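Here is a short report on a protein–DNA model. Keep the sequence and the structure open while reading.

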Number of protein chains: 2
Amino acid sequence: MENSAVKTIDRLVDLLDYFTQGHDAVSLAELSEYLELPKSTLHRFLVSLESHGILRRGANDKKWRPGYHLIVWGSIAAENSAIREIAKPFMSELVTASGEMAILTVYHAHEVVCIEMTETNHPVRLNMKVGEQRAAHAGASSKALIAFLPEEEIMAIVKDKGLPKLCTNTITDVAALKAELARIREQGYSHSLEETDPGAWGVATPIRDWTGRVVGALGLAGPTLRYSDDKVKEYAALCLGYASRIATALSTPGKNSNNQ
Amino acid sequence: MENSAVKTIDRLVDLLDYFTQGHDAVSLAELSEYLELPKSTLHRFLVSLESHGILRRGANDKKWRPGYHLIVWGSIAAENSAIREIAKPFMSELVTASGEMAILTVYHAHEVVCIEMTETNHPVRLNMKVGEQRAAHAGASSKALIAFLPEEEIMAIVKDKGLPKLCTNTITDVAALKAELARIREQGYSHSLEETDPGAWGVATPIRDWTGRVVGALGLAGPTLRYSDDKVKEYAALCLGYASRIATALSTPGKNSNNQ
DNA sequence: AATTTAATTCCATTATATGGAATTTCAACA
DNA sequence: TGTTGAAATTCCATATAATGGAATTAAATT
């Protein structure tokens with residue numbers, strides 16, 4: 001519910017994020033209440049969005065849903081991310097080397113977004129998908145990303161989202177989180193065990209651009225049945241190696257025009 | 001460059017579609033010219049979009065790119081599509097039964113959008129991805145979708161996009177296209193051979209909701225080295241079977257609230 | 001068929017986006 | 001390191017585009 005220079009955009013974001021929050025079909029009345037907008041104003045707005053395919057209406061119920069145009073833009077945005085394009089082949093190698101799924105994430109708006117994922121063939125796998133948003137305070141990738149944010153930003157996240165207990169080992173205390181982030185900065189990688197999902201662990205390392213800024217995180221994740229302390233070390237080393245290769249590729253001005 | 005009730009939304013769509021048209025990073029000046037907007041107006045707009053993660057700026061150049069928030073919304077939109085969710089398991093079966101990749105498409109804004117895709121393990125595969133837009137006049141899926149549109153809509157597509165020759169066998173004549181669409185309505189499925197991509201063929205069938213409206217197309221596609229007339233018939237029969245099963249599942253009011 | 005509830009349209013009003021001009025920033029080159 | 005030029009950014013009086021209360025229509029519900 002931020003306030004930017006263009007009100008209509010703020011409104012659009014609030015509206016679409018309502019779907020992100022788990023609602024999949026909403027009526028005009030429901031939205032009118034949620035957005036605190038008169039139905040007339042909102043209706044005009046929704047019809048406009050529908051005409052562009054940003055929203056679509058159910059054939060039976062007349063409820064509003066996210067439209068197909070969003071899929072197109074999402075695909076373009078994913079495609080257009082330099083880090084993603086560059087990381088892709090390395091992620092395949094990483095999966096082959098480790099046997100676990102690789103995840104590429106970026107920090108965005110107090111949360112962490114998965115922008116690429118390479119699966120394994122293991123019968124036991126985790127459920128993650130591109131575009132998925134996760135809490136910034138829990139899980140290896142999240143911690144690897146926020147560990148390198150300025151202190152104020154971390155506090156802003158905590159203030160905004162709190163530190164909800166998502167799983168057995170979620171860090172729910174600010175002091176503990178800060179200590180953990182310091183440890184991550186120290187050792188250069190993060191790991192987690194059942195911080196977000198029961199039965200899952202993760203390892204992740206930051207990816208830096210040529211200025212040293214952390215622009216993403218490279219992670220591995222798997223089920224606890226394939227977990228051990230030794231593996232964490234081994235996987236961390238693997239991630240560190242590939243993250244540094246991705247960083248190098250990122251800063252090499254090749255044919256791609258996407259300077260992050 | 002449509003005109004809806006809310007100007008800002010029209011503008012947003014024009015802007016984001018600039019990226020869809022193959023540009024991956026643009027300057028304020030370039031956009032200002034393209035959108036025919038004064039830089040001051042545009043600048044305010046862009047900054048607003050950036051603040052919401054709809055756009056992001058390169059760290060080096062100051063060019064504008066699609067932002068990560070779009071990935072999140074795209075993922076939600078894909079997720080939230082009843083037909084996609086329902087079709088998914090059937091598509092896996094279809095891939096197993098046929099050995100070729102399955103594609104689920106919908107018609108949107110004079111084009112065809114891929115909303116789901118199930119790959120094969122074949123070393124030779126096609127390059128298709130979720131969110132990809134394709135021309136509405138060429139390829140099996142496209143034809144299966146537009147064959148059931150009202151005549152005016154087809155003419156609107158032709159007027160808007162023309163019938164560009166995309167590959168060896170692209171239909172570039174309106175009369176021929178109409179005849180082909182009539183044939184497709186007749187036999188209930190479409191097929192194509194090198195209409196969009198060299199070395200590729202496809203077969204597709206419409207998927208209908210309980211009202212009989214065509215809400216998507218289910219297709220198979222593969223390389224010409226695995227093509228024959230017999231296979232087309234065989235694959236068409238497979239697609240028809242699964243499309244009808246998807247249609248049934250669509251009209252069965254289950255737990256899912258997405259009535260298309 | 002009547003009643004309730006939700007969606008849609010209308011239009012005078014006002015808040016909001018507008019854009020020309022001034023200012024600042026940045027990069028390239030001397 | 002200073003100079004120039006081409007961008008981006010800010011400012012603010014103005015016009016215009018979004019606003020929302022009230023009336024109308026459509027769709028459920030009894």
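Which atom of DNA strand C is 3.2 Å from an N or O atom in the side chain of B:Arg44? A base nitrogen of DNA strand C is.

## Ground rules

This is a predicted model: local features need pLDDT of at least 70, side-chain atom pairs count only at pLDDT 80 or more, and totals for chains, interfaces and linings use all residues. Residues are numbered from 1 along each chain as its sequence is written, chains are lettered from A and ligands numbered from 1 in the order in which they are written, and side-chain values use heavy atoms, leaving out hydrogens and water.

## DNA strand C

DNA strand C has 17 residues around it. A residue is near a strand if one of its heavy atoms lies within 4 Å of it. A:Lys7, A:His43, A:Arg57, B:Arg11 and B:Arg44 come nearest. Of the atoms of DNA strand C within 4 Å of the protein, 66% belong to sugar and phosphate. By class, the residues split into five nonpolar, six polar and six charged. Here Ala, Val, Leu, Ile, Met, Phe, Trp, Tyr, Cys and Pro count as nonpolar, Asp, Glu, Lys and Arg as charged, and the others, Gly among them, as polar.

B:Arg11 places a polar side-chain atom 2.2 Å from a phosphate oxygen of DNA strand C. B:Ser40 places one 2.9 Å from a base oxygen. The elements giving two or more residues to this surface are helix 1 (7–20), helix 2 (28–35) and helix 3 (39–51) of chain A, together with helix 3 (39–51) of chain B. Helices (H or I, at least four residues) and strands (E, at least two) are DSSP runs, numbered from the N terminus.

## DNA strand D

DNA strand D is also surrounded by 17 residues. The closest are A:Arg11, A:Arg44, B:Lys7, B:His43 and B:Arg57. Sugar and phosphate make up 66% of the atoms of DNA strand D that come within 4 Å of the protein.

A polar side-chain atom of B:His43 lies 2.8 Å from a phosphate oxygen of DNA strand D. For base nitrogens of DNA strand D, the distance is 3.4 Å from A:Thr41 and 3.3 Å from A:Arg44. Helix 3 of chain A, together with helix 1 (7–20), helix 2 (28–35) and helix 3 of chain B, gives two or more residues per element to this surface.

## Sheets

Chain B holds an open, antiparallel sheet of six strands in the order 5-4-3-8-7-6. Strands pair if DSSP finds at least two bridges between them. Strand 5 (133–135) and strand 6 (190–193) of chain B each have a single partner strand, so one side of each has no neighbour in the sheet.

In chain A, strand 8 (residues 214–223) has 10 of its 10 residues buried. Buried means under 20% relative accessible area, exposed over 50%, partly exposed in between (1.4 Å probe, protein chains only). Five bridges join strand 8 of chain A to strand 3 (residues 101–108), and nine join strand 8 to strand 7 (residues 200–208). A:Gly219 is the bridge partner of A:Ile103 and stands opposite A:Ala204.

## Cysteines

How many disulfides are there over all chains? The count is zero, with a disulfide taken as a pair of cysteine sulfur atoms within 2.5 Å. The sulfur of A:Cys239 is 14 Å from the closest cysteine sulfur, in A:Cys114, too far for a bond.

Conventions: Polar contact = N/O pair within 3.5 Å; in protein donor to acceptor, adjacent residues only side chain to side chain.
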